[in-house]
Amino acid sequence: MAKRARRRRKLMHMTEGLGPYEAWNFGPGNDYAPYSIQNSSRYLTALAELEPAKIQSKLPRNVTRSETKIWLPTLWKEESESGKKKGQKKTKTFRQKFVPFVIGKSAKLAKVVDYPTKLRSRLLAGLGQNRIRRYLQSVDIKKSRFRVGLPVAQDAMKPEVVLEPTGPNWQPDTELRSRIGEEKRITIFAIIDDGLPFAHRNFRDASGRRTRVEFCWLQSAKAYDRQRSVLFGREYTRGDIESCIARHGDDEDVLYREAGATADTEGLASMLGRHTTHGAHVMDLATGYVRERGEEPAEEIRIIAVQLPNVVTMDTSGVGKDMYLLSAFHYIFHRADLIAAKYKIDRARLVINFSYGYFGGPHDGQFDVEAAIGHLVKRRREIAGPTALVLPAGNSFLDRMHASIPDAKFVKREASIRWRLQPTDRTPNFLELWFPHRFNPVGYTIEVSDPSGVKQGALQIGLARGNPDRIEQLANEAGKPIGQISVDRHRGDRWRVLIVTAPSEPEHPHCPRVEAGAWTIKIKRERTAPTLGRESIRCWIQRDTDPASLRSGARQSYFDDPNDVRYSIYGSLLEVDSYGALVRRFGSVNGLATSRPAMAVAGFRLGAGLGSSLKDARAAPYSCAGTQNAGWPETRIMCSSMSDRSKALPGTVAAGVRTGSRSVLQGTSMAAPFVARQLVTTFVSASDQDVAQAEGENYRALLLGDELGPRRSLRKDRLGEVIVAPHWQPGVELLTR
């Protein structure tokens, strides 16, 4: 016990302004990370949230600049006049509050493990370099917040880039306008996903020689020595892809291999070597055209694709991916500006399909990367053109990963919930508890006990004085860390408690493990502590599954609530919340889809078989729901589309990785691209007035389908305002109004 206490005290205040996830991932949790992550510590991804100031602050005296270097990925910059004189050139200026970047240690320190104790000082050192000062004008660096995440594989990184990438070697298709005619508006579709088959026949024109993909960035591909247009990975322009098609024809195996698209830098093998990928399926549903479906390629729709690294796909918790996600949006906006300029499009319209989920976060639009993405989308709408962001609602409706603890659950000033950890789980587990806005939990304490009833740790949540961000380590009897409890004020706004546990069966036998079973999380409050009022403490468990058979060994933990009735008298899973239960199905919507510019799409199945009307649509059992609670107005579903063909035929049918192959996948990620497809198709012909009027509701008014009227308001939490028909499915009637 003495060893355990000493270990806890040692970690208190260790992060110095960094987040609790960093304390775990770069501390005890590093032993449980995949091998490729543990051995890629030289280049780390990071996200800075800059704090404005009248003048730029000076760095601390103990910061050594020579040990650290900073690189910026492609950043989208706003166009502004450089002066008042007539005819003076316009310049591009970076005006974002959030800055994604890569931090690298010098070769001398490449193998020195000094995280997280010196991580913040290295961030400050890098941002203090003279060459980056123009991005940090009037910024208080010392008060800025940082999030550090997954590394960049050394073979994918281009350290020779001076500060940021150069422009791409790309020219527009000079014959495009003559082929599509003058009346069609060139519109841009963008996708962020995994395993994107950029040379697939479904994304070419009718001849098969020309591709509609203008830009494709594979973030973890092996770096190409001669290319400086991206900081890490590899970029393929339309010219590159068409050259590959001309050389290799229909042999896509050779094409991707010779193009370097399948070179593995992460030790997880290439997704493009598979028969089926999430990205190929989504991309085909969103913008694939094939004659077997009676379709003619829409050449007026140009494509920008960003393929995320395998480690981003493998770690389903979503932790540490902020830089990769935000840099993908910057890249898309930057390349969309190039397309608009070269094709001479005024206020180019853009639709982004981002079929990605995050179960944690505050679910109020203010999660770090969510707020950054939302700000980017809002700014592009204002200065560059209409921009639609389509995301899935999530698939955890029945998974018991969301709970709500109201005042009524406090008995004798104590409330508790059971968190069941699975046996044979090889990945860590994360649980977040969020207090209401503007609520100061002074007098509240969090307490964690293992399945045997032994108290593993306790931590005060609110402090009247001193540092509010604190961490306590959970340790076994030998004093080895098996988890942590932390409390922090997320972005200075909302109090968050994070509980992390080690796996119950680690990959490496020398690593300590936790006991599987029902852990108990107790929240205690003193007599003088404030009550929650009409609000409640919201709890979310991070996703912990094994996607795409990457063999992570993950097993999902869940809330074990005896008051939650899971099955009906007929044996089917109930899709309603149980009275008096802490577990909540409603309000479980994707944590990245709660910002105002985001369109959250739920999934449905046809309730009366193939070919039935949309009026018979039923929400897919797994499709997450929003809520109409006045205190959580952003957590709502905007619309829905097909994710299952029927109860007996789960999933949708779309293309596999190779031309001519097929795949069947299910989930709200498969419903979102149907909506994205209809939006980008509508953007081609819709008037400026109609698009402008629809912007306030994220262009929902432009969608065709079955609108849910006032009498069907009870279904809106599951299906949204409108049910969108798929553009095609075998045996399914295309319904429009």
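**Backbone, burial and ring pairs**

Student: Where in the chain does arginine 413 lie?
Tutor: Arginine 413 lies in a loop between two strands. Helices (H or I, at least four residues) and strands (E, at least two) are DSSP runs, numbered from the N terminus. On that basis the loop that holds arginine 413 is the one between E13 and strand E14 (414–421).

Student: How many helices and strands does the protein chain have?
Tutor: This is a predicted model, in which local features need a pLDDT of at least 70 and side-chain atom pairs count only at pLDDT 80 or more, while totals for chains, interfaces and linings use all residues. Residues are numbered from 1 along each chain as its sequence is written, and side-chain values use heavy atoms, with hydrogens and water left out. The secondary structure of the protein chain comes to 14 helices and 30 strands.

Student: What percentage of the residues of the protein chain count as buried?
Tutor: Buried means under 20% relative accessible area, exposed over 50%, and partly exposed in between, with a 1.4 Å probe and protein chains only. Helix H8 (residues 278–287) illustrates the term, since nine of its ten residues are buried, among them His281, Met283 and Asp284. For the protein chain, with its 737 residues, the buried part is 61%.

Student: What is the phi of arginine 413 near?
Tutor: Most residues other than glycine have a negative phi. Arginine 413, which is partly exposed with a relative accessible area of 38%, has a positive value although it is a residue other than glycine. Its phi is near 60°.

Student: Is lysine 344, which also has a positive phi, buried or exposed?
Tutor: Lysine 344 has a phi near 55° and is placed in the loop between helix H10 (322–342) and strand E11 (350–353). Its relative accessibility is 76%, and because exposed means over 50%, lysine 344 counts as exposed.

Student: Which side chain of opposite charge is nearest to glutamate 252?
Tutor: Glutamate 252 lies in helix H7 (residues 252–258) and is buried yet has no salt bridge, a salt bridge being a side-chain nitrogen of Lys or Arg within 4 Å of a carboxyl oxygen of Asp or Glu. For charge, Lys and Arg count as positive and Asp and Glu as negative, whereas His and the chain ends are not counted. The nearest side chain of opposite charge is 4.3 Å away, and it belongs to arginine 204.

Student: With which side chain does the side chain of glutamate 252 make a polar contact?
Tutor: A polar contact is a pair of N or O atoms within 3.5 Å; within protein, one must be able to donate a hydrogen and the other to accept it, and residues adjacent in sequence count only if both atoms are side-chain atoms. Leaving out residues up to four places away in sequence, glutamate 252 touches several residues, including His200, Arg201 and Val657, where contact means heavy atoms within 4.5 Å. The polar contact of its side chain, at 2.4 Å, is with the side chain of threonine 659.

Student: How many residues apart in sequence are the parts tied together by the pair of phenylalanine 397 and phenylalanine 586?
Tutor: The ring centres of phenylalanine 397 and phenylalanine 586 are 5.5 Å apart and their planes stand at 85°, so this pair is edge-to-face. Phenylalanine 397 is buried at 2%, whereas phenylalanine 586 is partly exposed at 22%. Phenylalanine 397 lies in the loop between strand E12 (387–392) and strand E13 (402–406), and phenylalanine 586 in the loop between strand E23 (558–559) and strand E24 (598–606), so the parts that the pair ties together are apart in sequence by 189 residues.

Key:
Phe/Tyr/Trp six-rings, centres within 6.5 Å; stacked < 30°, edge-to-face > 60°.
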